[in-house]
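Me: Please take a close look at the charged side chains that pair up in this structure. Where do they sit, and what surrounds them?

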Amino acid sequence: MDASVAKANPDAGKIKSAARSELRKRIMGYRMLYVMLLPAIVFLIIFSYIPMYGASIAFKDFWITKGILGSPWVGLEHFEKIFRTEKFWQVFRNTIEINLLRLVFGFPAPIILAILLNEVRHKFFKRSIQTIIYLPHFISWVTIAGIIFSILSTEGLVNNIIVAFGGTPINFLTNDGMFRPLLIISGIWKEIGWGTIIYMAALAGINPDLYEAATVDGANRFKQVIYITLPSLLPIISILLILNFGSMMNGGFDQVFNLYNTMVYESGDVIDTYVYRIGLTQGEYSVATAIGLLLNVINFTLLVLVNYTSKKLSGQGIY
Amino acid sequence: MKTTSLSGKIFDAVNIVFLLLLAIVTLYPFWHVLIGSVLPYEEAIKSSFNLFPTKWSFEAYEYVFSKNTIPKALLVSLFVTVLGTFYQLFITAITAYPLIKQDLPGRSAIFLFMVFTMFFSGGLIPYYLLIKNLGMVNHLSVMIIPAALSMYNMIVLKTFFQSIPLELEESAKMDGAGYMTIFFRIILPLSIPSLATIGLFIAVGQWNNWYQPMLFLNDKDQWPLAMVLRDILINNNTNTTASVSAVNEQFMLADTIKNAIVMISVIPIIIVYPFIQKHFVKGVMIGSIKS
């Protein structure tokens, strides 16, 4: 803005220098604010940006004794090795498939629940239900794994019921075919309530006159949901969907890592847990970093692409 | 919106029943573990489906507290939670405040610099190597120092700060107060409810933190409760693969003890939960609408 004004003006030089001294005055006036921002900036440089630089070991033959700078460059060698590894493609497929399942079942769940909650007229009942269903969000996956083991293990609640009815116990936790449903269901159980909050906020903002007008026009409640409630949720749905694509390569480390075991690797091992194992238990730092970098780049690219497309199509975007 | 049609009434009834079921499904697992932790051994072997136990005992809790591990882990968790929360809250607040000044030169560049870290990171291994190089491995500080700032909390707090009337700040500036004074004397005291909310969020995160100790703390004496719980669960869980058919006393005891430890990690959260719950809906709403 300032620059274009300055160009058009014959006294450009004067105005420019005046603007500059004004800017300097503002910076000086605000210097205390910069001091306050300093800890966060230093912190982010150390704990976020230095590791980004450290990711360069994906292109090096990294030796702990030589350090990042001293280790020799090897170009794309590690990536070539990764692409030739059968196991990598397995965890890659697993991650995508599990995330697609999460998208299909987990993503709509809070939207539907929010709409159902919104239809409840009894204030106290509604608030009580909300209070209860938000709770699991605050419990860690370690604790939830403990609860799940206590319910689903061979001596657990469900198997006791099966045995009581004359059945044979099912080993839910070591059954490869049951692991994905376990991930999806436990994920929905933990986050469905919390997920509604953002939609409830959007629903609270709908003008009640719209519903009144629809009632006058003879629209029943189902029609009101289709024509008023859902469209008003659409902007927030598309934003969350875009963010969702930005974590398409994240397997949900906390959940998988606390629930899985060697018996379910085939269907449940994801990129994050794979990176952890080959990096920190097998010590293949460079290969693990290369995979980590790869998934970060894919995530970021997906986020940008989906955001771009969404902006083109509907005008909705996260930036 | 009010319809009294028959189909509307049926829908309402089905809806309420469904939501009640959902609430039960949400709460029952906790109840199951609670009952499992106070059941005496003789009752526990009969069946694991006890909605309301007729007999109960605290032997599992007594056992847990008679050993050294859990009380020590509780102390570590408490220490890390209290110290970590104040530290993180302070950094979050002092970062959020300058960013509400729309005309701060470089503001959007700084904000971008910060938000970028939400969407891109160097990955696990470079982070691990960094912590190692900083000499924080096997040092309790690793649970506190690296967790200085959550962007999400910062953005929510920034939105809270923005709702404070500017006039208060202007009049303080007239009296010659600097930004540091304004921040500590005006902004912080006026934001106590929101600081408490964010603080409780941070505290829950710290209490639940098992990831950092798993990566960086090898010494069991330094483990917080969440990590001890994980260790016990994972070691015990290998039993399920072996499929123990004969129920022996030791195994059942181990089960009630596991349940007791799960309860010990859940109870503090349930205690603070009502306090967070009061505020977080508003906080998350504001934060989400803004971003």
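This is a predicted model: local features need pLDDT of at least 70, side-chain atom pairs count only at pLDDT 80 or more; totals for chains, interfaces and linings use all residues.

Reply:

B:D231 has a relative accessible area of 21%. The cut-off for buried is under 20%, so B:D231 counts as partly exposed.

Some salt bridges share partners. A:E119, A:R121, A:R221 and B:D12 are joined into one network in this way. One link in it is the pair B:D12 and A:R221. Their closest N and O atoms are 2.7 Å apart. That pair brings us to the interface. Between chain B and chain A, the count is two salt bridges. The rule also finds 14 residue pairs in polar contact across this interface, both residues at pLDDT 80 or more. Which element gives the largest share of the chain B side? Helix α1 (residues 6-38) of chain B does, with 18 residues. By class, the chain B side that touches chain A has 69 nonpolar, 20 polar and six charged residues.

Now the extent of that interface. In all, 95 residues of chain B contact 94 residues of chain A. The size of an interface is often given as the accessible area lost when the parts come together. Here the buried area between chain B and chain A is about 8,700 Å². Carbon and sulfur atoms give 77% of that buried area.

Next, pairs within one chain. Side chains of opposite charge can pair when their charged atoms come close. Over all chains, a search of the whole structure finds 13 salt bridges. Among them is A:E97 with A:R180, where the closest N and O atoms are 2.8 Å apart. A:E97 lies in helix α6 (residues 86-106) of chain A, and A:R180 in helix α11 (residues 176-204) of chain A, so the pair ties together parts 83 residues apart in sequence. Are the two partners buried or exposed? A:E97 is partly exposed, at 35% relative accessible area. A:R180 counts as buried, because its 17% falls under the 20% cut-off.

Chain B has another such link. B:K72 forms a salt bridge with B:D221, and the closest N and O atoms are 3.3 Å apart. B:K72 is in helix α4 (residues 69-96) of chain B. B:D221 is in the loop between α11 (211-216) and α12 (225-242) of chain B. These distant parts of the chain are 149 residues apart. B:K72 is partly exposed, with 35% relative accessible area. B:D221 is partly exposed too, with 47%.

Take the chain B contacts with a separation of 6 or more: 73% of them come from residues 24 or more positions apart. Chain B exposes about 14,100 Å², and carbon and sulfur atoms supply 68% of that.

Back to chain A, for a buried arginine. A:R277 is in helix α16 (residues 271-281) of chain A. Its relative accessible area is 14%, so A:R277 is buried. Which side chain does A:R277 meet in a polar contact? The partner is the side chain of A:D269, at 2.6 Å. Leaving out residues up to four places away in sequence, A:R277 touches A:K87, A:Y260, A:Y265, A:D269 and A:Q282.

Last, a histidine in chain A. A:H78 is in helix α5 (residues 77-84) of chain A. A:H78 is buried, with a relative accessible area of 7%. Its contacts, apart from neighbours within four places in sequence, are A:I57, A:A58, A:K60, A:D61, A:S286, A:V287 and A:A290. How far is the C-alpha atom of A:H78 from that of A:I291? The separation is 8.9 Å, although the two residues are 213 residues apart along the chain.

How values were computed: Residues are numbered from 1 along each chain as its sequence is written. Chains are lettered from A and ligands numbered from 1 in the order in which they are written. Side-chain values use heavy atoms; hydrogens and water are left out. Contact means heavy atoms within 4.5 Å. Buried area is the accessible area (1.4 Å probe) that two parts lose on being put together, summed over both. A salt bridge is a side-chain nitrogen of Lys or Arg within 4 Å of a carboxyl oxygen of Asp or Glu. A polar contact is a pair of N or O atoms within 3.5 Å; within protein, one must be able to donate a hydrogen and the other to accept it, and residues adjacent in sequence count only if both atoms are side-chain atoms. Helices (H or I, at least four residues) and strands (E, at least two) are DSSP runs, numbered from the N terminus. Ala, Val, Leu, Ile, Met, Phe, Trp, Tyr, Cys and Pro count as nonpolar, Asp, Glu, Lys and Arg as charged, and the others, Gly among them, as polar. Accessible areas come from the Shrake-Rupley method with a 1.4 Å probe; for residues, only the protein chains shown count as cover. Buried means under 20% relative accessible area, exposed over 50%, partly exposed in between (1.4 Å probe, protein chains only).
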